[in-house]
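Subject: Structure handover: salt bridges

Hi,

Here is the structure I promised to pass on to you.

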Amino acid sequence: MTEIHQTAGRDSLGKFAPQFAHFNDDVLFGENWANDDISQKTRSIVTISVFIGRGLVDSSLKYHLQTAKNNGVTRKEIAAIITHAAFYAGWPVAWSAFRLAKEVWNENESVEDEKSAYANSMIFPIGESNDAFAKYFTGKSYLAEVTKAPFPIHNVTFEPGVINHWHEHKATKGGGQMLIAVGGRGYVQLKGQDPVELLPGDSFFVPANTKHWHGAAPDSWFSHLAFMVPGEGQENVWYEPVDEDFYKNLK
């Protein structure tokens, strides 16, 4: 089962409607969305289709559009999904859905040019779209395998303004993660400490069982090598996104 930590219900209605908050956070997201019978990407497509079919084209749809993007739905796919839904939900509803989708999928042609130029500036490959972990990132990231077992190392690349959510690398003994910056400019932050800027050549060790996040600076691509330190009882646990206003104020 996919582990999902949702707090929106408790944050907004925890005192006013605690039972509703429980159903929203623990049942709808904690159980239903976390069920692996169908993929997270498929769940996003189903949810968006239902919202459009019912004419719900407000901020809640935008949230699910962003979730769909994080779950690997591409701009081409969302355009096809909304176009198909238009024949059943109506053209005005589709127009409204497209306005929201354009805000979420705001890539332009220059992104590929920027990506190519950045890739040429590094000795390590960018790799492919990091779709398997997309739901834990605020935007597009890429993953390239640098070495295989017995000591896997991956190059993780973040587009400008993209970071991952708070998470922990749990271990009962040993463990932890080493990050080595190899391109661009980024940050890493341990819970309770100030963010640390990372530039090519910098390294940072994240101790086991320590809540943290890492990713690109708001205005820069960023890549780091990542490898796990051997340990026992190792497990990755993902939590809530980083506060958006706090992140945007980083220089």
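Glu-240 has a relative accessible area of 25%, so this residue counts as partly exposed. Its side chain forms a salt bridge with Lys-211, and the closest N and O atoms are 3.1 Å apart. Distant parts of the chain are linked by this pair: Glu-240 sits in the loop between β13 (235–238) and α8 (244–248), while Lys-211 belongs to the loop between β9 (203–206) and β10 (212–216), 29 residues apart. Do keep in mind that this is a predicted model.

Glu-77 and Lys-41 meet through their side chains in a salt bridge, at 3.1 Å from N to O. Because Glu-77 lies in helix α5 (residues 75–89) and Lys-41 in helix α3 (residues 40–53), the pair ties together parts that are 36 residues apart in sequence. Both partners count as partly exposed: Glu-77 has a relative accessibility of 30%, and Lys-41 has 27%.

Is Glu-168 buried or exposed? With 10% relative accessibility, Glu-168 counts as buried, since the cut-off for buried is under 20%. Its salt-bridge partner is Lys-170, with 3.4 Å between the closest N and O atoms. Lys-170 is partly exposed, at a relative accessible area of 28%.

Finally, a network of salt bridges links Arg-185, Glu-197 and Asp-219.

Best wishes

Methods: Residues are numbered from 1 along each chain as its sequence is written. This is a predicted model: local features need pLDDT of at least 70, side-chain atom pairs count only at pLDDT 80 or more; totals for chains, interfaces and linings use all residues. Side-chain values use heavy atoms; hydrogens and water are left out. A salt bridge is a side-chain nitrogen of Lys or Arg within 4 Å of a carboxyl oxygen of Asp or Glu. Helices (H or I, at least four residues) and strands (E, at least two) are DSSP runs, numbered from the N terminus. Buried means under 20% relative accessible area, exposed over 50%, partly exposed in between (1.4 Å probe, protein chains only).
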